[in-house]
Amino acid sequence: MKRRSTLAAVLVPALAVALGGCTSDASAGRVELTFLSVAFQDATVEATDDIIQSWNEAHPDIQVTVLQSNYDDVHDQLVTQFQSNTPADLIYNEASDLAGFAHQGYLADLSPLLSEELREDIPEKYWDIVTIDDRVIAAPTLVQSYVVFANTKLLSEAGVAMPSETSLSWSSLRELASSLTTESRYGVGWGLRQPASAMMNTALNYGGTFFDVDSDGSATIEVDDAELAVPDQVHGMLFEDGSMDPTSVTQSTAEVVPGFFAGDYAMFIGASYLAQQLTEGAPEGFSFSVLPPLAGDRGAAQAANPQTLSIAAQSPHQAEAAEFLEYFMAAEHISRLGQSDWLRPVPTSALEHLEQATAEIPVWRPLLETGADLVGAPFTRALDYPQWKLQYATPGLQKYFAGSLSREELAAFWSDGWASISDQ
Amino acid sequence: MTRSVPPSPLRHSIRLNLTRPMQYLALLAYVGFLAFPLVFLATAALKTPGELQSASGGILPATLYLGNLESALTKVNLLGALGNSLGVASASTVVVIAIALPAAYAISRARARLKGVAFAWILISQMFPFILIVIPLFLLLTSFGLVNSLAGLTLVYSVWCLPFALWMLQGHLAHVPLEVEEAGAIDGAGRLRVLSSIVLPLLVPGIVATSLFTFITAYSDFFFALVTIRDERLQTLPLALARFVGAEGVVQLGPLAAASLIATVPSLLFFALIQRRLSSGLLAGAIKG
Amino acid sequence: MLLLPALIPVLLLSVYPLVHGIVLGFTDAQAGYNRPVHFNGIENYARLMSNELFWSSFRVGVIWALSVTVLQFLAALGLALLLNQNLRFRGAARVLALIPWAIPPVIIAIIWRLMLNPTAGPVNSALAAVGLPHDINWLGDPTFALPAVIVVGVWAGMPQTTVVLLAGLQNVRSDLHEAAALDGAGALRRFWHVTLPSLRPVIFAITTLDFIWNFNQFALVYVLTAGGPGGQTMLPMLFAYNEAFKYGNFGYASAMGNVMVVLIALTLVFYLRHQAKERQS
């Protein structure tokens, strides 16, 4: 008896699997679309779900389901999905991850599919970022910028005035951090476990462009003082000033948040989306503010690497997917996503919508100001950037910040690495 | 220890008295090292976010906080993933045994040369890194449209487990002497009858051990699921958990601990049930969990 | 000959994919929309020769596999010897010591990520309690990541090795021990001259298997560090995975697999030869 029940326990799921493999869309005439999402903060996941649900209710014949992914895994997932001809119809990702897929022909050209309104709603500089080989491969939605958050209580306790300039130079930041460093706390923390994006984006403060990209996506690299300027500032705070918490540098961005709450560092640098976690998780009596945009000798410019929505070239339902894309890009939707992720909307109408909706929340002003200075950067268009980022940019920075690589070694590692990848 | 002193009975007994406590101490250290992480996981799952973040907190949670368990169950489809894992592992086990049993019989009763080739193959395939198996299988599944399906994943596990299953089964078959079959044949029983009524019962322990090996391998695998499965509702347990660990930008220590704890319970129960068999089955080969 | 049909599924399901995998290593197979595949002879291998990252990952793999195998073996031998003693609570200890075996690698990795968390983990709390430096991010610091990951590897693999060694110990003939004891041999000498020689075949088998398994490890390190920081824990299997499924170079990644099989096989042949010789002498 016992043996038989064991057998049943084994056979039944096996059969279920075998049969489950054969199910297919039963209802004809209905289009099923999949939407690959990388939203990760609760509020954004919820906002995405809400938008999709409202679409599904209004469009019974075009149903959209979410496939949840995340920024760490999305690239691998896209490689396997494209290769196995099973990509999601709609792909939410970031611009710098797309160039390779675009050149491989996996992303649909949106130019014939987009409405005139949407074309005009998005500033031309953003269309440039997502136009590869004369094909528009994505619609840009939101952009993030890196900002300095400050613990207002600690700043006033230390008698430090909140900087009021229109921008905060890196040297002022370092002075500020040093003056806020005490026996028991560091002036600043920065979760740089994955440092590449932060360094690439802020490099434009000093005019660090890294790449010179051809129209076919091939590129040459130049690593010079401008490219190394921001890593140098971080290195200086770690090793010369002793004002940046070295442990924070080895942690992920969000892992640093509890230390900021606990007063382990008076300031912390991170992408604007962290404002959501600061608002959500702040303990009683904790208040923070956002300092003016960081600036180098070329001003406060940062690289625009927008989040994007694309349509798979392999999708049999591109027209329907484009219909959904238009719906998704509506001002109130992008504004809602922007509010939940504390990011700046790219479409002008959505930006205005968000500015009105957040007029009462002071933290939003410096966030939006920082976002205004974003410009396109070559790295988002370089074909092999994702591989170089993973194999050279990230490990090189990690070692540089750990003190096991010198400045010269870092520069050589980056240049030689790029050469060895683009040779292939 | 000085060599010149002859061992006296007194000395001997003192040493014995010291050895035993040391042995217990060492054993305690081992058990502590091996078991503590699980204890820690269980307590972490019951701590509030505040307790988890304060480094000074003790090991035991101050109160039994169930919020982590709740958010683990709502945020990750743990039960669905568990069902997928059990289903795929069971199906793979059935497929592997169905293919390996006749094949192992054929090999064990084959001529020496074929046997040699088969063994060499099995040994080589054990050394194969995953990558050499997963790429061709991925391309194969692509051409059959089986990527992102549990059926495809079952196929992958079957391929992966087959060589070792063959090895284990033929090892057990080698212990069933040919004379038993011949005696049955003399009694007038047909070959199939001999196989099913005489050989098969003798093989049951081997089949059980092989099934366990296959089941555990498929159940705990992560790599193949990572490459094959895309949809959230098709995720196996390890895949669901690995994705829950999450990327940059999210920290959820408590829910993560809770989800891991929930996912560990079935494995522990299963393991408690089979650990005796597993240890004995190991003598015929070896198993990697 | 009637038996041959039984082998056809094996040919289809085991031999074919593996051979296909080997063959892919001699092609330029790459991700891309309907991209044709060509044989390119030894081009992949010529490129691999100068791929410094691959060789540094290979070095990490060897350090990892050797350290884990050796430490695992020593620790497991100690535990097996203890469990072979007539100690009280032996049975309970045996079951408890098997715990890591029951946990899938992904969960093991999650548990240890929590254990080693720099600010909230018990490892650093314990270090703080005894007054040692306690702000090290074990998995995030290039200096400590590999050692930390090795400890987790030892933890994860110890039970299997222990069980095998224990089984081997129980098969050591007790009359040999008694004879040696009568000759006045102390515990240490009996271990060295009686136990170890009779255990030798078991030790071989398990260290060989452990080495292969450890070299092919993926899930544990993927979840613990994903190869970082600074590439310090980039095991060859992670490296090849990235090559195939991040950069889409299927042929090149298969070539890496081929190189690994050959090098590992050579190592093992050398090791087993050496051991066989030792047994003869």
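Tutor: Before we begin, one definition: helices are DSSP runs of H or I, at least four residues in length, and they are numbered from the N terminus. Please also keep in mind that this is a predicted model.

Student: How should confidence be read, and what is the average pLDDT of chain A?

Tutor: As a general rule, where pLDDT is low, the predicted coordinates should not be read in detail. Chain A averages a pLDDT of 90, and 93% of its residues score at least 70. Residues 1-26 of chain A, however, have a pLDDT below 50; this stretch makes 14 contacts in the model beyond near neighbours in sequence.

Student: How is a nonpolar core to be read, and which residues have the most contacts inside the largest one?

Tutor: In soluble globular proteins, nonpolar side chains tend to be buried together. Here the largest nonpolar core comprises 320 residues, and A:Met267 and A:Trp388 have the most contacts inside it. The element that gives the most to this core is helix H3 of chain C (residues 52-83), with 15 residues. Apart from this core lies another, of 5 residues, including B:Phe271, C:Leu98, C:Trp101 and C:Val163.

Student: Which residues does A:Trp388 touch?

Tutor: Leaving aside residues up to four places away in sequence, A:Trp388 touches A:Met200, A:Phe210, A:Phe211, A:Ile221, A:Ala393, A:Trp414, A:Gly417, A:Trp418 and A:Ile421.

Student: Which residues lie nearest the centre of the second largest cavity?

Tutor: Its lining has 17 residues, and A:Gln77, A:Thr80, B:Leu226, B:Val227 and B:Ile229 lie nearest the centre. Helix H3 (74-83) of chain A and helix H10 (223-228) of chain B each supply at least two residues of this lining. H3(A) gives the most, with 4 residues.

Student: How do the lining residues of the second largest cavity divide into nonpolar, polar and charged?

Tutor: The lining of the second largest cavity has 6 nonpolar, 7 polar and 4 charged residues.

Terms used. Residues numbered from 1 in each chain as written. Chains lettered and ligands numbered in written order. Predicted model: local features only at pLDDT ≥ 70, side-chain atom pairs only at ≥ 80, totals over all residues. Heavy atoms only, no water. Core = buried A, V, L, I, M, F, W, Y, C linked by side-chain atoms within 4.5 Å. Buried < 20%, exposed > 50% of the residue type's maximum accessible area, 1.4 Å probe, protein only. Contact = heavy atoms within 4.5 Å. 1 Å grid on protein atoms, 1.4 Å probe; cavity = no way out; pocket = protein on both sides within 12 Å on 5 of 7 lines; lining within 4 Å. Nonpolar A, V, L, I, M, F, W, Y, C, P; charged D, E, K, R; others polar. pLDDT = per-residue confidence, 0-100.
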